[in-house]
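Q: Got a model open here and want to go through some of its packing. Can we start with a strand residue and then move to helices?

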Amino acid sequence: MPRNIMMIGLVLSLLFFSCRPRVVSGLSESIGESAANEFVDSITKDINLFGNAKSEEEKDIISQRVWTRIVEVYQRNPAMLRANLQKLILKSVSESSSQAVKDLVTRETLDLVFDTIEVQIQNQNRFISWNSIKNAMLERPLPDRLQSINDLKTNLQNLIGAAGSFLPYDGEFSVLASSSGPYKKLDLLIHGKESWEYRHELMSSAKKNLWISSWAFYDDLETGKKAVQKLAQLKSKGVDVRVVVDGIVSKRVGHDAITTSIVNLGIPVIRWQHPKFLGFGMHRKIMIIDSGTDREKLILGGKNFGNNYSHLKPPIDSNATDTEIRADLRGRWRDTDIVVSGTQASVAAAQFAKAWNQYVSIINPASGLSLIPDSNSALKSVPINNNSKNYVAILDHDPSENINSGKFVDPIYETTIHLIRSATASIKISNAYFILTEPLFAALVEAMNRGVHVEIHTNSQHSMDEADRPLLGPIYRSLRAVLNVPEAQKQASFKQPSVYLQKGRTLHSKYLVIDDRAGWVSSYNIHPRSARYESEVAAVFLGQETGNDLSKMFSLDVAPDLAPIVEDIQTVTLPPSQLFDVIEKIIFEQL
C-alpha cells in the first residue's frame, strides 16, 4: 500500500485556502513580508485560474508556473522555511474540527511533502510531467507481429538487459502450492488463510537461510506475532535470518512494536531509508528460503505480514452490525503471491544480497550489520532451452538509484509497456491502484485500435482502504479516460475496453496477463509512486500454460458478485472538486 501522497494537496489547501495570515507570517521571517504576500497572492490566483482552465495545455502552463514558484521560494531559505511552515501547518491542523485531517497531516507526512520538493531540487527538475518521459518509454518499438514466445522473450531480453534474464521454467501455475520439487512449478497463493499456512510451512522448512523484504510487519497477534515466533525458532536453529522493512513505515504505530521485537531477538533488521530523501520507500515483498541449495524457493507478490493479508483474524461476532460486517470484509484483502523454485529464486537471492550489502556498506555503514558473503555464488548457470514452454525473469526496481544518474529507469514499467504493445487479443490487469501515465494510456489505446480486448480490475469507493481514499480521484479519472477514448483517436478496429470495480474486500493484488501467454505478478502498483519512489520486484513470465491459469484466476476475480463491470461512466465519477483537480494536476504528476 503506498503512502498517502495526496497529503501534499491537503497541505496546499490548508496553506492557501484556510490560513493565509499564518502563511504570510511564516514566510515573512524567511523571505520578507512583501515577498510573502506576493507569493501567496500569485499562487492563490493561479489555483483559481487552474479551476477555470479550458484545456489541458493551459493547465500544464499554470501547473508549471505554480511549481516553479514554490521551488524558487523554497530555495531561498529551505531550512528556516521548512521549520516555519511545518509549525504553522501543524498548529492549523490541531485547531481543525476534522479528525480525518488530524489523522492524515502529521509531522511525518509533512516531512514527506518537503522531501518531495527537495528531490525535485536535487534533480534540478522543477516540474516533471509524465509526458516528458513518453519518448524514453516508447523508444524501443516492438516488431509488427511476434510469432512466438521466443520472439517476445528475445525482444524483452534486449529491453531489460542486465535488470534480469528469462530462463526456462518447466511446469505451470497451480492455485495452491504443491509438493513438487525444484524447477517444476510456479504456484499462485491467492487464498489468504491457505496461502499463509503454506508460507509458514516453507518458513519452517528453512535449513540454511531465510531472507525477507516486506513493506511492513503489522502489530497483530494472529499474523505479526506468529511470524516473529517463527523467526525466533529458526534463529535458534542456526538459520541465517535477515529482514528488510521500510524505514518510515516500520516506525509507525501499528508496525513498530513487532519490528522492534524482531530486532530484540538479535535478528539483523534493515529499516530501509534513504539517507537524504524520506520520500523514497522500500515496497518489495519477497521471502527467500534456503538460497544456494536445491531446496531454494522464493515467494513474491503483494502480501505483507499482517491480518489484512493472512485473514487469520478470528471471524466477526454473529451479533455484529452491518457496518461492522462490511468493515471486517474490507479488512480481509484480496491479494496474490507467487512461489518460484530453482534458478530464478537464486536470481532474487542475488538481488536481495546486493541491496543488503549496498545498504550496510554504503548507505548506512554505521548500522553494524554483517554483509552477505559471496552474494553471486548462488546464481546457477543454466543454458537457455529455446524449446522450453515457460520462461521466468525476476525484475528488481530501485528508483533511488536514478538520483545520481539523472535518468528515469524502471525495468518493470518499461516491460509492462512493451508487453502491452505485444498484445494481439487480450490484456487483463488486476491492480489495487490503476493510475494512467501518458505512455501507459498511449500503449493501451494502440492495443484497443488493434482490436485487443483490454480488461481492468481495480478498487472502487466501496473497497478502497480508508487511508488511500484520496487516490480515488486519480484512479477514477484514469478509468474514465480508458472508457471514453476520444473518437478522433479511434480506428476502425477499435475494441471497447471493460472495467471492473471491486466491491466488499479491498483489492491489493498486482498482476497482468497478456494474450493468456505472458505477464507478471509483483509488488508493483500501477501508480506513479511505484515508478518514481518505491523499490519493487516482479516475476515476469512467458508461457501459454502459465498464462492460461492466471487468466482463469482473473475471470474468478471479476465475477459479477465480486467486481461488477462498469456499465455507466458516472459510476467512476466523483462529485466535482476544484481542490482535487489542483491536487491531481499540480502535485500528483510530481510523483
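A: Start with leucine 501, which lies in strand β14 (residues 498-501); strands here are DSSP runs of E with at least two residues, helices runs of H or I with at least four, both numbered from the N terminus. This is a predicted model, where local features need pLDDT of at least 70 and side-chain atom pairs count only at pLDDT 80 or more, while totals for chains, interfaces and linings use all residues. Residues are numbered from 1 along each chain as its sequence is written, and side-chain values use heavy atoms, with hydrogens and water left out.

Q: Leucine 501, buried or exposed?
A: Leucine 501 counts as buried because its relative accessibility is 6% (buried is under 20% relative accessible area, exposed over 50%, partly exposed in between, with a 1.4 Å probe and protein chains only).

Q: What is leucine 501 in contact with, leaving aside neighbours within four places in sequence?
A: Its partners include Thr458, Asn459, Ser460, Tyr476, Leu479, Leu562 and Val572; contact means heavy atoms within 4.5 Å.

Q: And how far apart are the C-alpha atoms of leucine 501 and serine 460?
A: They are separated by 5.4 Å, with the two residues 41 apart along the chain.

Q: OK, helices. At what angle do α17 and α18 pack?
A: α17 (residues 411-422) and α18 (residues 438-449) pack at about 15 degrees, and their axes are 9 Å apart. Axes are lines fitted to C-alpha atoms over the stretch in contact, and angles run from 0 to 180 degrees between N-to-C directions. That angle makes α17 roughly parallel to α18 (under 35 degrees is roughly parallel, over 145 roughly antiparallel, 65 to 115 roughly perpendicular, the rest oblique).

Q: Which residues meet there?
A: From α17, Tyr413, Ile417, Ile420 and Arg421; from α18, Pro439, Leu440, Ala443, Leu444, Glu446 and Ala447. By class, the contact has eight nonpolar, no polar and two charged residues. Ala, Val, Leu, Ile, Met, Phe, Trp, Tyr, Cys and Pro count as nonpolar, Asp, Glu, Lys and Arg as charged, and the others, Gly among them, as polar.

Q: How many residues are in the largest nonpolar core?
A: That core has 50 residues, and Ile420, Leu440 and Leu444 are among those with the most contacts inside it. A nonpolar core is a set of buried Ala, Val, Leu, Ile, Met, Phe, Trp, Tyr and Cys residues joined through side-chain atoms within 4.5 Å. Its largest share, seven residues, comes from α18.
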